[in-house]
Every structure is written in structure tokens, then in C-alpha cells.
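Please walk me through this structure. I would like to know what holds its parts together and where its open space lies.

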Amino acid sequence: MSRTLINFFAFQVGWFSCVLGAANGLPWLGVLIVCLIVALHIRASEQPVHDLQLLALSMTLGLVFDSLLVSSGWVNYPSGMMIPGLAPYWILAMWALFSITLNLSMGWLKNSLVLASVMGAVFGPLSYIAGQRLGAIELIDFRSSMIMLAIIWALVMPILTFAASRFDGIRKSVQFAPVQKLNGGE
């Protein structure tokens, strides 16, 4: 089985573990599984420091943007909230998990920052809708939440995709595809 396919399935396991754990009052369980998945990914990485830099950036963006959603009153997380107004710890684990897909199963997005933005605007909000349907989150003001999530993910995806080109821990010879496109293909 290819590393990309393993990465895709590992992400699914981690995502469902976090969401279902949070929905059932066991948010730590998903975090534990994500930590294992991320640790295995980092261990197999050609350049683990790059993967850790991408992970830190992703978690920082997640903390800022998901905390914005919480403090604005658009999203409520029934479990895993350690500090009122801040994103729950299991969501931050999901941002870490997401970061390890950016150079593997979602690495194809590095060829187009515009496509990354569009995909983020569409699939970011859909992920939150799925989380609500499974009982892990509550979208208080659905319309406002969807608009804000679409904007957030339309911004976050190209930022993280560009960063993934810079911090590619998977390949020793890093290709700067988005940089080349921005510079006219030089």
C-alpha cells in the first residue's frame, strides 16, 4: 500500500476518533489516537523538523481561527474545552493531523493555490457540518458559521499548502511548485 493511501486512511481514522470521542464525552481518546498517527508520521519523515514546523503552523492557525469561532458564539464545542473562549484540545489535535496530509494525500493541491482556496472554502465547512451531525460540535448560527468557515478555509488552505511546499518533510528534494507559479515559472 502506498504511503499516500496510508496517510489518507490514517487521517480518516484520526478524524473520526476525534469527532466521535468528543461527541461521546471522551475527547482525550481521539487525541491519543491522533498523537500516535502523527508520531508515526514524524518517525517516518525524511526531514522531521519540516513536518514539525508545518504542524506548529497548522495548530497555531487552528487555535486562532477555531477560537474566533468559539468566542464569536458561532460554534459551541460540548467537550474538550479547557479554557473558555479557546478552541478545544481535540480540535487542535485535528489541525495537527490535517498538517500531515498536506505533503502526502493532499500534496496535489500544492500545484494550485487557487484550487486549494476553493477546496478549502467548500470542504472546510462540510467537515464542520459532519462534526455537528455526529454530535461533536454545535453550529449556533448556521448561516454565519458557514460563511465564516468558508472564508477561514479559503484563506487557510492556500497558506498551509504554500507552507507545505516549504516544509516538506517527506521528500529530500523539495519542490517549490507554488513559488514557481507565483514567479511566472522561473
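Which side chains meet in a salt bridge? They are those of lysine 110 and aspartate 168, at 3.2 Å from N to O. The model is a predicted one, and the structure holds 1 salt bridge. Lysine 110 sits in the loop between helix 4 and helix 5, while aspartate 168 sits in the loop between helix 6 and helix 7 (177-182), so the pair ties together parts that are 58 residues apart in sequence. Lysine 110 is buried, and aspartate 168 is buried too. Side chains of opposite charge can pair when their charged atoms come close.

Now step back to the fold. The protein chain has 7 helices and 2 strands. Along the sequence they follow the pattern α-α-α-β-α-α-β-α-α. The C-alpha trace spans about 45 × 35 × 25 Å along its principal axes. The radius of gyration is 16 Å. For 186 residues, a compact globule would have a value near 16 Å, so the protein chain agrees with that rule. Of these 186 residues, 46% count as buried.

Leucine 115 gives a sense of the distances involved. This residue is found in helix 5. Leucine 115 is partly exposed, because its relative accessible area is 34%. Proline 78 is 37 residues away along the chain, and the two C-alpha atoms are separated by 33 Å.

Next, the cysteines. How many disulfides does a search of the whole structure find? The search finds 0. A disulfide is a covalent bond between the sulfur atoms of two cysteines. The cut-off here is a sulfur pair within 2.5 Å. For cysteine 18, the closest cysteine sulfur is that of cysteine 35, and it is 8.7 Å away, so the gap is too far for a bond. Seen from cysteine 35, the closest cysteine sulfur is in cysteine 18, at 8.7 Å. The surroundings of the two can be described as well. Cysteine 18 is buried, with a relative accessible area of 0%. Cysteine 35 is partly exposed, with a value of 47%.

Where is the open space? Rolling a probe the size of a water molecule over the atoms shows where empty space is left. The largest pocket holds about 720 Å³ of space. Its lining counts 28 residues, and the closest to the centre are Phe11, Trp15, Phe98, Phe123 and Ser127. Helix 1 (3-23), helix 4 (89-99), helix 5 (113-133) and helix 6 (142-166) are the elements that give two or more residues to this lining. Helix 5 gives the most, with 9 residues. That is the helix in which leucine 115 is found. By class, the lining of the largest pocket has 21 nonpolar residues, 7 polar ones and no charged ones.

The second largest pocket has a volume of about 180 Å³. Helix 1 and helix 2 (27-44) are the elements that give two or more residues to its lining. Among the lining residues are Arg3, Ile6, Asn7 and Ala10, and also Ile37, Leu40, His41 and Ala44. Ile100 and Leu104 line the second largest pocket as well. What classes do the residues of this lining divide into? They divide into 7 nonpolar, 2 polar and 1 charged.

Conventions:
Residues numbered from 1 in each chain as written. Predicted model: local features only at pLDDT ≥ 70, side-chain atom pairs only at ≥ 80, totals over all residues. Heavy atoms only, no water. Buried < 20%, exposed > 50% of the residue type's maximum accessible area, 1.4 Å probe, protein only. 1 Å grid on protein atoms, 1.4 Å probe; cavity = no way out; pocket = protein on both sides within 12 Å on 5 of 7 lines; lining within 4 Å. Points joined across faces, edges and corners; volume = space filled by probe spheres on them. Helix = DSSP H or I, 4+ residues; strand = E, 2+ residues; numbered from the N terminus. Nonpolar A, V, L, I, M, F, W, Y, C, P; charged D, E, K, R; others polar. Salt bridge = Lys/Arg side-chain N within 4 Å of Asp/Glu carboxyl O. Rg over C-alpha atoms; globule rule 2.2 N^0.38 Å.
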